[in-house]
Amino acid sequence: MTETQTIELIYFTGKTCGVCKVLKPKLLEAVQENFPEVNIRVVDVEEEVEFTGQSMVFTLPVVIIKVDDKEMYRFARSFSVYEVLNKLKRLEGE
């Protein structure tokens, strides 16, 4: 990762998503701990309907990792904290 790159992690969640409630604190804590320079945005799909649609999110939970506003990785439905951290580590190594 170059000094000028911005990495953003967008976490799509919803009030009725049970998996989201369990995964979100674990994932966000792990990302903040291991990758403090990553910008985290939590999107409530019921409140940000337009952005959710533009992001082509049709299931929950969804995590999108963007570098300089370009989507690099997308995780949907069943994925682990480890998988997300692994991709962030890969981005940092580039």
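This is a predicted model: local features need pLDDT of at least 70, side-chain atom pairs count only at pLDDT 80 or more; totals for chains, interfaces and linings use all residues.

**Layout.** I counted 3 helices and 4 strands. From the N terminus, I read the order as β-α-β-α-β-β-α. The radius of gyration is 13 Å, close to the 12 Å of the globule rule for 94 residues, so the protein is as compact as a globular protein of that length. Along the principal axes, I get a C-alpha span of about 35 × 25 × 20 Å. I then checked contacts with a separation of 6 or more: 61% of them come from residues 24 or more positions apart.

**Charges.** I found 12 positive and 16 negative charges. Their mean positions lie 7 Å apart. Side chains of opposite charge can pair when their charged atoms come close. I looked for such pairs and got 5 salt bridges.

I started with D44 and K15, whose side chains meet in a salt bridge at 2.8 Å, N to O. D44 sits in strand β2 (residues 39-44) and K15 in the loop between β1 (7-13) and α1 (18-34), so this pair ties together parts 29 residues apart in sequence. D44 is buried, at 14% relative accessible area. K15 is partly exposed, at 47%.

Next I took E46, which forms a salt bridge with K15 at 3.7 Å, N to O. This pair links distant parts of the chain, 31 residues apart, with E46 in the loop between β2 and α2 (49-54). E46 is partly exposed, with a relative accessible area of 41%.

Then came E47: its salt bridge with K15 has the closest N and O atoms 3.3 Å apart. E47 lies in the loop between β2 and α2 and K15 in the loop between β1 and α1, so parts 32 residues apart in sequence are tied together. E47 is exposed, at 61% relative accessible area. Shared partners join K15, D44, E46 and E47 into one network.

**K66.** Last, I turned to K66 in strand β3 (residues 62-67). Which side chain of opposite charge is nearest to K66, and how far away is it? I found D69, 4.5 Å away. K66 is buried yet has no salt bridge, because a salt bridge needs the nitrogen within 4 Å of a carboxyl oxygen. Leaving aside neighbours within four places in sequence, I listed the contacts of K66: T6, I7, E8, I10, E71 and M72.

Conventions:
Residues are numbered from 1 along each chain as its sequence is written. Side-chain values use heavy atoms; hydrogens and water are left out. Helices (H or I, at least four residues) and strands (E, at least two) are DSSP runs, numbered from the N terminus. The radius of gyration is taken over C-alpha atoms; the globule rule is 2.2 Å times the number of residues to the power 0.38. Contact means heavy atoms within 4.5 Å. Lys and Arg count as positive and Asp and Glu as negative; His and the chain ends are not counted. The place of a charge is taken as NZ of Lys, CZ of Arg, CG of Asp or CD of Glu. Buried means under 20% relative accessible area, exposed over 50%, partly exposed in between (1.4 Å probe, protein chains only).
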